[in-house]
Every structure is written in structure tokens, then in C-alpha cells.
Amino acid sequence: KSNNTVMQNHPDPLRFLRVTKQYLPHVARLCLISTFLEDGIRMWFQWSEQRDYIEATWSCGFYLATGFVLLNLIGQIGGCVLVLSRNCVQYACFGLFGIIALQVSEQHVCLSNLALGGGLLLLLAESRSEGKSMFAGVPSMGQSSPKQYMQLGGRVLLVLMFMTLLHFDSSFFSILQNMVGTALIVLVAVGFKTKLAALTLVLWLLAINIYFNAFWTVPAYKPMHDYLKYDFFQTLSVIGGLLLLVALGPGGVSMDEKKKEW
């Protein structure tokens with residue numbers, strides 16, 4: 001009875017976190033790495049097309065192109081499996097950082113690829129909160145300072161991930177979507193009402209993603225299928241990062257934490 005009273009006195013985000021704390025981090029991780037997972041699976045099924053594209057783009061020859069595709073496939077699938085199974089999470093994140101670097105070198109500078117690093121930083125911060133410190137022996141102002149700055153970096157890069165979802169056209173709904181989403185992501189970035197803003201943005205993006213990026217309704221041979229599929233998983237990764245923020249909180253470098261000191 002006392003537990004129910006405590007839950008009723010909590011704000012909605014905290015009540016949601018208490019109810020879902022057992023499985024919310026797992027859902028968040030799956031959504032966050034879904035872009036890597038989908039890309040790795042696509043490389044498996046489109047092996048020859050990917051290899052031929054790399055060979056033609058880089059003029060690097062058959063074997064080097066094959067090695068590049070194989071490295072991307074193993075790195076992404078293997079990294080996702082390790083993250084989801086909670087084994088060697090930090091090494092898996094570093095491996096996925098390497099995949100991002102490879103893809104940036106392939107596609108030149110791609111904002112969406114760079115911004116995925118924000119989600120990986122949040123995964124590193126979460127693994128640190130489980131007691132797996134990767135900064136042993138490094139002096140800091142406080143015991144959890146590296147984790148706090150990783151969470152700050154993850155929040156900032158999450159803004160970049162969100163910016164890739166903005167649609168710059170003159171329709172009323174696009175303008176409304178951009179205004180509402182931008183206002184919420186700014187609150188997330190500065191760490192003010194972070195859990196409430198992140199959870200609201202999750203629900204907003206989830207509804208928009210299912211309605212506007214329903215790639216399964218478009219035949220696979222049409223170019224629009226791949227376009228919508230890319231947007232769908234990109235949005236899903238942003239949702240995963242936001243859910244991880246709901247589970248972890250904004251960290252020490254945030255207005256929510258500073259208010260406690262004031």
C-alpha cells in the first residue's frame with residue numbers, strides 16, 4: 001500500500017520508469033542499435049550489390065571491396081549481439097564507433113552517421129553505471145565525472161540525430177512537427193525536465209514514424225521503400241537514445257541536477 005502511495009506521488013515519467021524499469025533499458029538498446037542491425041542484415045542479403053558498389057566507388061579491386069563489406073557486416077552484427085547480450089559492451093561500442101568511421105570515409109561526412117555516436121556514448125555511460133569503469137586510474141573531480149560528461153555528450157549528439165529527422169517544407173504539419181520536436185529536444189539537450197521531455201518526444205516520434213515511414217506498405221523494388229526504411233530506422237535509433245535517457249536520467253551536468261543544489 002505504501003509503495004502504491006509513493007508511486008502515485010511521483011510525476012508521470014518517474015512512475016513510468018518504476019513500472020517499466022525491468023525491460024525499458026532492453027527496449028532502448030534494441031531501438032538505439034537498430035540502424036546498425038538493419039544495415040548489417042542488409043549487407044548480408046545484398047552482399048554482391050554492396051561489394052560491387054564499393055569496388056566501383058573506390059576502384060579498390062574485388063578483394064579489398066569484399067573485405068570492407070565483410071568487416072562492416074561482422075562489426076555491426078557482432079557489435080549489436082554483444083550490446084544486447086550485455087557482454088563486452090564497451091568493446092562493442094568502440095567497434096561500432098570504428099564502423100561509423102569506416103562509413104564516414106566511404107560516404108564522406110554524413111551527419112546521420114556521426115550523430116549515431118551520441119547513442120553509443122549513452123550506451124557507454126550506461127555500462128559505466130553498471131560498475132564497468134573504463135577510466136580506472138584517471139583522475140577526475142568526482143567518481144562519476146566521466147560518466148556524467150559522456151551523458152552530456154550523448155544528449156548533445158542526440159540533438160544532431162534529431163536534426164536529421166527534420167523536414168524543411170512549407171506544409172502545416174511539417175512546421176508543427178519541427179516546432180514541437182525542436183522545443184522538446186532543446187529541453188533534453190540542456191537537461192531541463194529531461195525525463196518528461198524525452199518521454200513525450202518518444203511518443204511523438206513513434207506515432208510519426210509509424211504513420212509517415214511505413215516502408216512495409218511500399219513494394220521493395222521501388223526507391224521509396226529504401227528511403228522510408230532508412231528514415232524509419234534512423235528515427236527508431238533516436239527513440240532508443242531518448243528511452244535510454246528516460247532510464248538513465250540526464251546526469252550531473254544538467255539543469256535538473258543543478259536545481260537540487262539551488
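The legends below describe close-up views of a predicted model.

Residues are numbered from 1 along each chain as its sequence is written, and side-chain values use heavy atoms, with hydrogens and water left out. Because the model is predicted, local features need pLDDT of at least 70 and side-chain atom pairs count only at pLDDT 80 or more, whereas totals for chains, interfaces and linings use all residues.

**View 1. The chain and its helices.**
The chain has 13 helices and zero strands. Helices (H or I, at least four residues) and strands (E, at least two) are DSSP runs, numbered from the N terminus. Read from the N terminus on, the order of elements is α-α-α-α-α-α-α-α-α-α-α-α-α. Of the 262 residues in the chain, 44% are buried. Here buried means under 20% relative accessible area, exposed means over 50%, and partly exposed lies in between (1.4 Å probe, protein chains only).

**View 2. The salt bridge between Glu38 and Lys229.**
By the rule used here (a side-chain nitrogen of Lys or Arg within 4 Å of a carboxyl oxygen of Asp or Glu), the count comes to three salt bridges. One of them joins the side chains of Glu38 and Lys229, at 3.6 Å from N to O. Glu38 belongs to helix H4 (residues 34–45) and Lys229 to helix H12 (residues 223–248), so the pair ties together parts that are 191 residues apart in sequence. Glu38 counts as buried because its relative accessibility is 15%. Lys229, with a relative accessible area of 24%, is partly exposed.

**View 3. The salt bridge between Asp39 and Arg42.**
The closest N and O atoms of Asp39 and Arg42 are 2.1 Å apart in this salt bridge. Both residues lie in helix H4, three residues apart, which is about one turn of the helix. Asp39 is buried at 9% relative accessibility, whereas Arg42 is partly exposed with a relative accessible area of 26%.

**View 4. The salt bridge between Arg51 and Asp52.**
The side chains of Asp52 and Arg51 meet at 3.5 Å, N to O, in a salt bridge. Arg51 has a relative accessible area of 15% and is therefore buried. Asp52, at 39% relative accessibility, counts as partly exposed.

**View 5. The loop between H6 and H7.**
Arg86 lies in the loop between helix H6 (62–85) and helix H7 (89–107), and Cys88 is found in that loop between H6 and H7 as well. Phi of Arg86 is near 65°, a positive value in a residue other than glycine. For Cys88, also a residue other than glycine, phi is positive and near 50°. Arg86 is buried, its relative accessible area being 16%. Cys88 counts as partly exposed because its relative accessibility is 47%.

**View 6. Gly119 in helix H8.**
Gly119 is placed in helix H8 (residues 111–129). At 0% relative accessibility, Gly119 counts as buried. Its C-alpha atom is separated by 9.6 Å from that of Gln151, a residue 32 positions apart from Gly119 along the chain.

Phe172, Phe173, Leu176, Tyr211 and Phe212 form a nonpolar patch on the surface, together presenting about 580 Å² of accessible area. Patches are made of residues with over 30% relative accessible area and no salt bridge; like charges are joined within 9 Å, and nonpolar side chains (Val, Leu, Ile, Met, Phe, Trp, Tyr) within 5 Å. Accessible areas come from the Shrake-Rupley method with a 1.4 Å probe, and for residues only the protein chains shown count as cover. Helix H10 (172–190) and helix H11 (194–212) each supply at least two residues of the patch. The largest share, three residues, comes from H10. Phe173, in helix H10, counts as partly exposed at 35% relative accessibility.

A search of the whole structure finds one cavity of 30 Å³ or more. About 30 Å³ of space lies in the largest cavity. A cavity is a set of points, on a 1 Å grid over the protein atoms alone, where a 1.4 Å probe fits but cannot get out; lining residues have an atom within 4 Å of a point. Grid points are joined across faces, edges and corners, and a volume is the space filled by probe spheres set on the points. The lining consists of Phe162, Leu165, Leu166, Gln177, Asn178, Trp204 and Leu205. H10 and H11 are the elements that give two or more residues to this lining. By class, the lining has five nonpolar, two polar and no charged residues. In this classification Ala, Val, Leu, Ile, Met, Phe, Trp, Tyr, Cys and Pro count as nonpolar, Asp, Glu, Lys and Arg as charged, and the others, Gly among them, as polar.

Key:
1 Å grid on protein atoms, 1.4 Å probe; cavity = no way out; pocket = protein on both sides within 12 Å on 5 of 7 lines; lining within 4 Å.
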